[in-house]
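Hi there,

Here is the structure I promised to pass on. My notes on it follow below.

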Amino acid sequence: MSAPTDWATGYRVLGGPGPTVADLDELTFACRLLEGAADRLDAAAWALGQASLGCSVTPVGGEARRALADAREGPDSPGRVADHLRDLAAALRRVVEVYTEAESMAHRALRVGVVTAASQLGEHPVVVGLLGAAGVVLGVAAVGSVVAGGVGRSVLLRRPDPVLPWLARRLGPPAREIPGMLTADGRAELAILAVGSFVRSAAPGRQIPTLRPVQDAAGLLSGLLPPAGPTALVVRAHPPQLPVPRTTAGVLANVGRSYQGGTETGLAGTPTGVISVQQLTHPDGTRAWIIEIPGTESWLPNDLTPLDATTDLRLLAALSDDVTDAVLDSMRRAGIGADEPVMLAGHSLGGMAAVSVAAAVGSTYTVRAVVTAGSPDLARSAPAGVEVRHYRHTGDAVPQLDGTPDTTVGRVTVVTRDLDVTGGPPVSDPVGAHAIARYVETADVADRELAGSPGMRAFDAAVADVLGPPGTTGVTRQFQATRDPALVAAQPPTVRPSS
């Protein structure tokens, strides 16, 4: 089910401690409203009965008793309407139960089929090799058709190729939209599920299939990489003072400003691997903290910045990673008190690290809220009592890299936006849909369009406790996590071997 909500067309809000305003959950919320209205009508019927007992024995009082009796016992009496509303609520609940069961069974059956097929291919690499060889032959034929004269002549058939020109006409402009279409309807998630199952089953020995194979697959791929160099945490002298945020969108905007200089949102002079720690001082003198973590800054493994492919794999595999360690070290150095409220925020890899940190701190710090933008779910989760909100775009493939449906257990809320439907900026590909600048816009619109909806209230209240009232001031500290040998050599107390 993917119908838009009543709050803002093109948005979906899943999870949260209260009733959500999305899809079948909206019907559940309507059931509660109907039952509440029935209770109030029963109270009105009781009040009419009490009023009837209080009427005098005069002719006027008798007339009043008859009128009250008609109102209390007639075909449109409060009690009869209350019974009708309860019947309607019960019918709606049955509808919700039937559709939920049917939807979950169908989706699970599809996932089981994908996992089974991919696992069998991983267990039989010879079959995969034959299929791959056939694909290479077809690819060579296609390339040869294009290269051999530019007019669609087939090298293998030695005559004009009727297939490629037809495909070019049919799939010209629409072909550019295919990646976004596959991401928006969930097929990318199934593709990741298949890849994860294949990689996992290709490991030595017989592997029992699982519906959550990505964690094991990421662990296997991570194990193929050589150990990364040690990571140091360097205090950045004279960091830029980031704006004091007043909303969740403002927090994510500061995540964008923490990217290296030269990117769409990064401030000039900012190096890679920067973690921003903002100390907020409320008007009453109390302190709160915001930790802002950018996403992947290098797609190479074991690069000079730990915000790289190695950390991506280790976070997906639920293994220890250098970025989580660096954030914890940054929090310690900043002097955060155990009872001072903390908000963690991150984009992409940074969002995964934010959840990882929340799961690791235990009672050492008082983490009130975690917000991620364009991040996959982790096998580990934030502890009970921490409000978590994930922002996701339908055209963004990165949140689907875990290969599982959105998780909304506990105090987790997922806000999904369709950029096209909601009038967002034109996004031509999944890379554009993943940009932190687009997520800042989404959070800003959601702060306005979805404010007060049941699924949003608890998280917004926790964020308000951290951000404080108007008049709150802030000081920004920045720490650089780096594997640069020169910086590591200059910071021996901060060196941590990569595990």
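Helices (H or I, at least four residues) and strands (E, at least two) are DSSP runs, numbered from the N terminus. This is a predicted model, in which local features need pLDDT of at least 70 and side-chain atom pairs count only at pLDDT 80 or more, while totals for chains, interfaces and linings use all residues. Residues are numbered from 1 along each chain as its sequence is written, and side-chain values use heavy atoms, with hydrogens and water left out.

Let me begin with the backbone. Most residues other than glycine have a negative phi. His 238, in the loop between strand E4 (232-235) and helix H9 (248-257), has a positive phi near 50°. Its relative accessibility is 79%, so His 238 counts as exposed (over 50%; buried is under 20% and partly exposed is in between, with a 1.4 Å probe and protein chains only). Ala 318 also has a positive phi, near 60°, and sits in the loop between helix H10 (309-316) and helix H11 (322-334). Ala 318 is partly exposed, at 27%.

Next, the salt bridges. With a side-chain nitrogen of Lys or Arg within 4 Å of a carboxyl oxygen of Asp or Glu as the rule, the count comes to 16. One of them joins Arg 200 and Asp 216 at 2.8 Å, N to O. Arg 200 belongs to helix H7 (residues 187-201) and Asp 216 to helix H8 (residues 214-223), so this pair ties together parts 16 residues apart in sequence. Arg 200 is buried at 14%, whereas Asp 216 is partly exposed at 35%.

Another salt bridge pairs Arg 368 with Asp 465 at 3.0 Å, N to O. Here strand E8 (residues 366-373) supplies Arg 368 and helix H15 (residues 457-467) supplies Asp 465, so the parts tied together are 97 residues apart in sequence. Asp 39, Asp 42 and Arg 86 are linked in a network of salt bridges.

(Lys and Arg count as positive, Asp and Glu as negative; His and the chain ends are not counted.) Leaving aside residues up to four places away in sequence, Asp 312 touches Thr 296, Trp 299, Leu 349 and Met 352, where contact means heavy atoms within 4.5 Å.

I'd be glad to hear your thoughts.

Best wishes
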